[in-house]
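Please look first at the chain as a whole and then at single residues. The paragraphs below are meant to be read beside the sequence and the model.

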Amino acid sequence: RTVANYNESHLYQQQLGPKKAKRKKIFKLPKEIRLPRMEEWQMYDRDALTKIQEEEETSFKALPEEDQKMATQKPQTDEMGQDGDEEANKQTPFVLPPLIPEERQAEK
């Protein structure tokens, strides 16, 4: 004899089938490095800027995965420690190595 199950989430799980494997997370460039939104009327050299952006993305993807993760994480603000020592709780922000040469950075 089958037992009726009135749990909606169980019903949907049966209809959808087995869960799919998780994909590897793709990290984007940090917000500070990405290009701002450009409108048509702003007269930027879009082609040159997008080439520079692509160079930065490829060099960012070449970094180790740990560095990519550290660069995209938001800095954590910790509360004061139990002993009242603020210096012990402050974390140094992660500094990304230069992704493109200084000349290309000046063009951007």
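The model is predicted, so local features need pLDDT of at least 70 and side-chain atom pairs count only at pLDDT 80 or more, whereas totals for chains, interfaces and linings use all residues. Residues are numbered from 1 along each chain as its sequence is written, and side-chain values use heavy atoms, with hydrogens and water left out.

The protein chain contains five helices and zero strands. Helices (H or I, at least four residues) and strands (E, at least two) are DSSP runs, numbered from the N terminus. Read from the N terminus on, the elements follow the order α-α-α-α-α. Of the 108 residues in the chain, 15% count as buried. Here buried means under 20% relative accessible area, exposed means over 50%, and partly exposed lies in between (1.4 Å probe, protein chains only). The accessible areas come from the Shrake-Rupley method with a 1.4 Å probe, and for residues only the protein chains shown count as cover.

How many salt bridges does the rule give? The count comes to three, where a salt bridge is a side-chain nitrogen of Lys or Arg within 4 Å of a carboxyl oxygen of Asp or Glu. One of them joins Glu55 and Arg104, whose closest N and O atoms are 2.8 Å apart. Because Glu55 belongs to helix H2 and Arg104 to helix H5 (residues 102-107), this pair ties together parts that are 49 residues apart in sequence. Glu55 is partly exposed at 32% relative accessibility, and Arg104 is also partly exposed, at 22%. Helix H2 itself covers residues 46-62. The C-alpha atom of Glu55 is separated by 7.1 Å from that of Ile100, which is 45 residues away along the chain.

Another salt bridge links Glu39 to Arg37, with 3.3 Å between the closest N and O atoms. Glu39 is partly exposed, with a relative accessible area of 30%, while Arg37 is exposed at 72%. Glu40 pairs with Arg46, and here the closest N and O atoms are 3.4 Å apart. In this pair, Glu40 is exposed at 66% and Arg46 is partly exposed at 30%.

Met43 is found in the loop between helix H1 (8-16) and H2. Although Met43 is not a glycine, its phi is positive, at about 55 degrees. Most residues other than glycine have a negative phi. Met43 is exposed, with a relative accessible area of 76%.

Is Gln68 buried or exposed? With a relative accessible area of 9%, Gln68 is buried, and its place is in helix H3. Its side chain reaches the backbone oxygen of Phe60 at 3.0 Å. A polar contact is a pair of N or O atoms within 3.5 Å; within protein, one must be able to donate a hydrogen and the other to accept it, and residues adjacent in sequence count only if both atoms are side-chain atoms.

Finally, Lys28, Lys31, Arg34 and Lys74 gather on the surface in a patch of positive charge. Patches are made of residues with over 30% relative accessible area and no salt bridge, like charges being joined within 9 Å and nonpolar side chains (Val, Leu, Ile, Met, Phe, Trp, Tyr) within 5 Å. Lys74 lies in the loop between helix H3 (65-72) and helix H4 (86-89), and at 73% relative accessibility Lys74 counts as exposed.

Conventions: Lys, Arg positive; Asp, Glu negative; His and termini not counted. Charge placed at Lys NZ, Arg CZ, Asp CG, Glu CD.
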